[in-house]
Amino acid sequence: MCPAHELTPARLNDITQAAQALQGVVHRTHLDLSDRLSDRLGVDVYLKREDQQRCRSFKVRGAFSRMVQLTGAEREKGVVCASAGNHAQGVAFACARLRIRGTIYLPSNTPRQKRARIASIGSEWVEQVIVDGTFDRANALAQESARVSGRIFVPPYDDPLTIAGQGTVGVELIDQMPDDTAAVLVPIGGGGLIAGIATYLHHMRPGIKVIGVEPEGAPSMRAAMDAGMPVTLDRVDPFVDGTAVGRAGTLPFDAVMKYVDDVVVISEGAVCTEMLGLYQTDGVIAEPAGALASAAAAEYLSTPQQRQELLGTTTGSIVCIVSGGNNDLTRYAEVQERSLRHEGLRHYFLVTFPQQPGALRLFLEEVLGPSDDIVHFEYTKKNNRESGPALVGIDIAAKEDITGLRQRMETSPLHVEELQADSEIFRLLI
């Protein structure tokens, strides 16, 4: 295999050797048919269940593939890594399995559930350092720590051995995919997973399209493709924490430009809607990044016209990589909130009520429709003014019901201001 310092993308032979090294270490995850998505798209849609992998993410493949190649002297020094959570779990697993000391830098937005899992998996072999900031800041601090201490830095994606390990997902897909597979959709953070899968599929099944998927809040690979080289995003939304990367990896970018057919961007709201669909219908607990690929399938491939435009064919099976399942269940309240707003089923208003009897009853009886439901009401009388605003959240039964609700608000004697999701006051209050 090529040396770790050699700045070349993973080669086909590297991925094959990584697959051999990972035998008996990682699970061969299932490729399951999703009846829900298949019915929606009108073609068979399969889910590659890396949420069922060891550590509940594909990241263990790359981490172990990289660390098993360390020399005895390098193992003695120990390793350092940075992660939003899943790579950390993979490194922790490899540390415990290979008996290597490790220090893991985590951004402060890493869910508590992931932190607990890292501690459980790595046991006494790993320590965590929580960084106030994004993944990119944690990554910079981890690399500096490795440089100063002489320990080995284990990259989450920008390394040929890491990419080779993550590319073993593609090795399994070759045996599992139907013969008519038209496309494989792959989530992108730094790009290691799609670099490995696309490299392998390009050589073994070149007729299959490989489509990358990024969240709207962190489209680092899309930005790199548009600029012709990796660039640093001005801002990163940390919600899809597994892919909240502000700059695509150099090696993954090279592979994407050679082997990936397109990269699409999906909103966080659509991701949340898909997370709920996966959970409620398919029985899959996916983290936000794990729902990216299937969310994009529903958004971009649900009609024959869309499939023709993106894939060049209206037929053929679709494979979506469910990259991870390390989701903190306490986040589902936010997931449902974002999903309802995305679907146009939840709206927030500032309603100014005159401080006189009957004002609230007027709102309930003359403004709200028979299927409208108040899910949030916050009003406090703080002084003797004749009127005061209330923050009101309303769920509607169907997206089109908002037209009637707005018309009734407009004709009522109450002053109503609808809060837009991109407004500063919305972020402050909700």
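Student: Which residues does P156 touch, not counting those up to four places away in sequence?
Tutor: In this predicted model, P156 touches K59, A82, H87, F135, N139, T162 and Q166, once residues up to four places away in sequence are left out.

Student: And where is P156 found?
Tutor: P156 is found in the loop between β6 and α8, the latter spanning residues 160-166.

Student: Is P156 buried or exposed?
Tutor: P156 is buried, because its relative accessible area is 5%, which falls under the 20% cut-off for that word.

Student: You mentioned β6, so what is the strand order in its sheet?
Tutor: The sheet is open and has 4 strands in the order β5-β4-β3-β6, with parallel pairing. β5 (126-131) and β6 (152-153) stand at the edges, and because each has a single partner strand, one side of each is left without a neighbour in the sheet.

Student: How many bridges join β4 to β5?
Tutor: Strand β4, residues 102-107, is joined to β5 by 6 bridges, and the two run parallel; within that pairing, L106 has I130 in β5 as its bridge partner.

Student: Which helix lies across β3, β4 and β5?
Tutor: That is α5, residues 86-98, which lies across β3 (79-82), β4 and β5 and runs at about 165° to β3.

Student: Switching topic, which residues of α15 are buried?
Tutor: In α15, residues 304-311, the buried ones include R307, L310 and L311. They cover an arc of only 80° around the axis, so they sit on the same side of α15, whereas Q305 and E309, on the other side of the helix, are exposed.

Student: What covers the buried residues of α15?
Tutor: The cover includes the helices α2 (35-41) and α14 (292-300), together with the strands β7 (181-187), β8 (209-215), β9 (262-266) and β10 (317-322).

Student: What follows α15?
Tutor: α15 is followed by G312, whose phi is positive, near 80°.

Student: Which residues have the most contacts inside the largest nonpolar core?
Tutor: They are L185, L311 and I318, in a core of 38 residues. Apart from that core lies another, of 27 residues, among them V60, C81, L98 and I104.

Technical notes
Residues numbered from 1 in each chain as written. Predicted model: local features only at pLDDT ≥ 70, side-chain atom pairs only at ≥ 80, totals over all residues. Heavy atoms only, no water. Pairing = 2+ DSSP bridges. Contact = heavy atoms within 4.5 Å. Axes fitted to C-alpha atoms, helices over the stretch in contact; angles between N-to-C directions. Buried < 20%, exposed > 50% of the residue type's maximum accessible area, 1.4 Å probe, protein only. Arc of directions from axis to C-beta. Core = buried A, V, L, I, M, F, W, Y, C linked by side-chain atoms within 4.5 Å.
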